[in-house]
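Here is a short briefing to read alongside the structure. Take a look at the model first, then work through the topics below.

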Amino acid sequence: MPPSLTELRARPRDRELLLVYADWLQSQGHPRGELIAVQDAAASCTDIDQFARARARAHELVGAHDELRPPLPGDADGGPCRAWACWDRGFVRRLELLVDQLSPGAGHQFASG
């Protein structure tokens, strides 16, 4: 039985647990399994060419599989949104968004203080 996402969240730096999960995902045909393995290889390699190949493959996987990317504001309604993601071993660890508002009155209001 594969580790649960709850276990992975509780032990985010447990490399062995993560690689077991990656193997299981790959056996199910899910691209995140390969992404985890490729990013793990990049994180632990010492050869710059091997690192570059692993990073390039990770970019290919994310670009080819919508299910790997988090849904963004504006995806559903076609609104403009730009995102910058920091990935680590198959998962987005940090996400920065720039959402353009089409009309000034439609945006969120923030309280100061």
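Nine salt bridges are found in this structure, which is a predicted model. One of them joins the side chains of Asp-88 and Arg-13, at 2.8 Å from N to O. That pair ties together distant parts of the chain, with Asp-88 in strand E1 and Arg-13 in the loop between H1 and H2, 75 residues apart.

**Salt bridges**

- Another salt bridge brings together the side chains of Arg-89 and Asp-40, at 2.9 Å from N to O. This pair also links distant parts of the chain: Arg-89 is in the loop between E1 and E2, Asp-40 is in helix H3, and 49 residues separate them.
- Arg-69 and Asp-66 meet through their side chains in a salt bridge of 2.0 Å, N to O. Here Arg-69 counts as partly exposed, at 32% relative accessibility, and Asp-66 counts as exposed, at 56%.

- Strands E1 and E2 run antiparallel and are joined by eight bridges.
- Within this pairing, Trp-87 stands opposite Val-92 of E2.
- The two strands make a hairpin with two residues between them, and Arg-89 in the turn has a positive phi of about 50 degrees.
- Which residues does Arg-89 contact, leaving aside its neighbours within four places in sequence? They are Arg-13, Leu-18, Ile-36, Gln-39, Asp-40 and Ala-43.
- For one of these residues, Asp-40, there is a polar contact between its side chain and that of Arg-89, at 2.9 Å.

**Leu-95 in strand E2**

- Leu-95 lies in strand E2 and counts as partly exposed, with 35% relative accessibility.
- Leu-95 and Ala-83 are 12 residues apart in sequence, and their C-alpha atoms are 6.9 Å apart in space.
- Ala-83 is also one of the contacts of Leu-95 once neighbours within four places in sequence are set aside; the others are Pro-70, Leu-72, Trp-84 and Ala-85.

**Helix H2**

- Helix H2 covers residues 15-27, 13 residues in total, and reaches 18 Å from its first C-alpha to its last, close to the 18 Å expected at 1.5 Å a residue.
- At the start of H2, a side-chain oxygen of Asp-14 comes to within 3.3 Å of the backbone nitrogen of Glu-16.
- Just after H2, Gly-29 adopts a positive phi of about 80 degrees.
- Which residues of H2 are buried? They are Leu-17, Leu-18, Tyr-21, Ala-22 and Leu-25. These residues lie on the same side of H2 because they cover an arc of only 140 degrees around the axis.
- As background, an α-helix has 3.6 residues a turn, so residues three or four places apart point the same way.
- The exposed residues Glu-16, Asp-23 and Ser-27 are carried on the face of H2 turned away from its buried side.
- The cover over the buried residues of H2 includes helix H1 (5-10), helix H3 (31-44) and strand E2 (91-99).

**Helix H3**

- Helix H3 has 14 residues and reaches 20 Å from first C-alpha to last, close to the 20 Å expected at 1.5 Å a residue.
- What do the buried residues of H3 pack against? They pack against H2, helix H4 (48-64), E1 and E2.
- The buried residues of H3 are Pro-31, Arg-32, Gly-33, Leu-35, Ile-36, Val-38, Gln-39, Asp-40 and Ala-42. Among them, Ile-36, Gln-39 and Asp-40 are in contact with Arg-89, and Asp-40 is its salt-bridge partner.

Methods. Residues are numbered from 1 along each chain as its sequence is written. This is a predicted model: local features need pLDDT of at least 70, side-chain atom pairs count only at pLDDT 80 or more; totals for chains, interfaces and linings use all residues. Side-chain values use heavy atoms; hydrogens and water are left out. Helices (H or I, at least four residues) and strands (E, at least two) are DSSP runs, numbered from the N terminus. The expected span of a helix is 1.5 Å times one less than its number of residues. Buried means under 20% relative accessible area, exposed over 50%, partly exposed in between (1.4 Å probe, protein chains only). The arc is that of the directions from the helix axis to the C-beta atoms. Contact means heavy atoms within 4.5 Å. A polar contact is a pair of N or O atoms within 3.5 Å; within protein, one must be able to donate a hydrogen and the other to accept it, and residues adjacent in sequence count only if both atoms are side-chain atoms. Two strands pair if DSSP finds at least two bridges between them. A salt bridge is a side-chain nitrogen of Lys or Arg within 4 Å of a carboxyl oxygen of Asp or Glu.
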